[in-house]
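Hello,

I am passing on a structure for you to look at. My notes on it follow below.

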Amino acid sequence: MTRVVVTGVGMVTPLGLDTQSTWEALLAGRSGADRVSLFDVEPFPTTIACEVKGFDPSGFMNPKEIRQSDRYIRFAMSAALEAVEKSGLEVTPANRDNVATIIGSGYGGIGTIQDAVETLGARGPGRVSPFLMPMMVTEMGASKVSIALGARGPAYSVTSSCCSGSDSIGAAADLIRRGDAAVALAGGAEATITPIAFAGFSQAGALSTKRNDDPARASRPFDADRDGFVMGEGACVLVLEDLDHAQARGATVIAELAGYASTADAYHITHPAENGEGAVRAMRRALDKAGLSPGEIDYINAHGTSTPINDREETRAIKTVFGEAAYAVPVSSTKSMHGHLLGAGGALEAAICALAVADNHIPPTINLENADPDCDLDYTPGQARSGPVMSALSNTFGFGGHNTSIIFRAFED
């Protein structure tokens, strides 16, 4: 069977504009949350988010390209270019037909849509940008990266709510395994810190409102006082390769993608199935595909949104799959630091698992101060831990009943 490995990682996150700075911030337990600066947030019940600060796309896009690209596309471009650089990959006429680009997004150019609707109402249809449609669609991040690199393999977006980024990684790995690509740039991008997204999630009761005056402590997964998630934004892209291809060009392998599985609850548009039944099936399938037992997992990066229902049901699901081993495996939710990146979150958290394996460090869950009796696992509170981390599992769940689990393990030739 074809083995799929990670040879490059690129990130743009609320914790840093590249992978190294993000990883260092995660291990240091820093929060990226602050008062929203991207729009006037005063009328909203939630006034905080994890924004990407100091981002300047002018180093890799010209002014015209910037004007014709939504913020989420710019994030995708930056993360993809870093991933390619770190991997040492060169897209050439000799290999470009075998390089795929699969970058997911849950909401695409939602900021562009809002601006266009406001322009339409205030100034009429003649003032709406002719680039509106390509700027707003969820697949344009993948297309722009494909064009920039000259990668002519499959290029598309997977959209499955908050699982979009992780399902894009899984889809890319499947492409490689069936021989439709030798290399794939895979991940997710999102830029939803906008008035319309804030209004929608606020009305759904999903966002934290208790700690507007203390943003760094608002995202508190598994804590008894959690009251909702803190929205984030950014992008993460991995370079995945057929192992033979990676070794032939002398690439450094970060980790091996050992197992991937996706399931549907077929239950409710926003609430997870009772006892996390869909999540249970996803984790079990991923373990089976990886050829690992629950006791062989050294770290779980939880979906851990800081919402009352998710954290409780995910904890139950982990207990169901892992049994007594559930109390021995370290779990953490890095959303406590970078917030919920929605369609990009699964990609970022999958990459964090790959880095945990490569670096033998486990990032913490910050703000876990008051134990919830329903959440009684080892959530790595407060401080990072050193390994060894031979294998790591990433969970991602999303509106519509989506469940995705991805497992990375240390590479052994």
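**Notes on the model**

P388 sits in the loop that connects β12 (385-386) and β13 (391-398). The model is predicted, and in it the peptide bond from G387 to P388 is cis, with omega near 10°. As background, most peptide bonds are trans, and most residues other than glycine have a negative phi.

Two residues depart from that second pattern. F222 is not a glycine, yet has a positive phi of about 70°. F222 belongs to the loop between α8 (195-203) and β7 (234-242). N367 is likewise a residue other than glycine, and its phi is positive, near 70°. N367 lies in the loop between β11 (361-362) and β12.

Are these two buried or exposed? F222 has a relative accessibility of 1% and therefore counts as buried. N367 has a relative accessible area of 11%, so N367 is buried too; the cut-off for buried is under 20%.

The other item is strand β8 (residues 255-264), which is mostly covered, with 8 of its 10 residues buried. Which strands pair with β8? One is β1 (residues 4-12), which runs antiparallel to β8 and is joined to it by 3 bridges. In this pairing V6 stands opposite A255 of β8. Another is β14 (residues 402-409), also antiparallel to β8, with 8 bridges between them.

Regards

Notes. Residues are numbered from 1 along each chain as its sequence is written. This is a predicted model: local features need pLDDT of at least 70, side-chain atom pairs count only at pLDDT 80 or more; totals for chains, interfaces and linings use all residues. Side-chain values use heavy atoms; hydrogens and water are left out. Buried means under 20% relative accessible area, exposed over 50%, partly exposed in between (1.4 Å probe, protein chains only). Helices (H or I, at least four residues) and strands (E, at least two) are DSSP runs, numbered from the N terminus. Two strands pair if DSSP finds at least two bridges between them.
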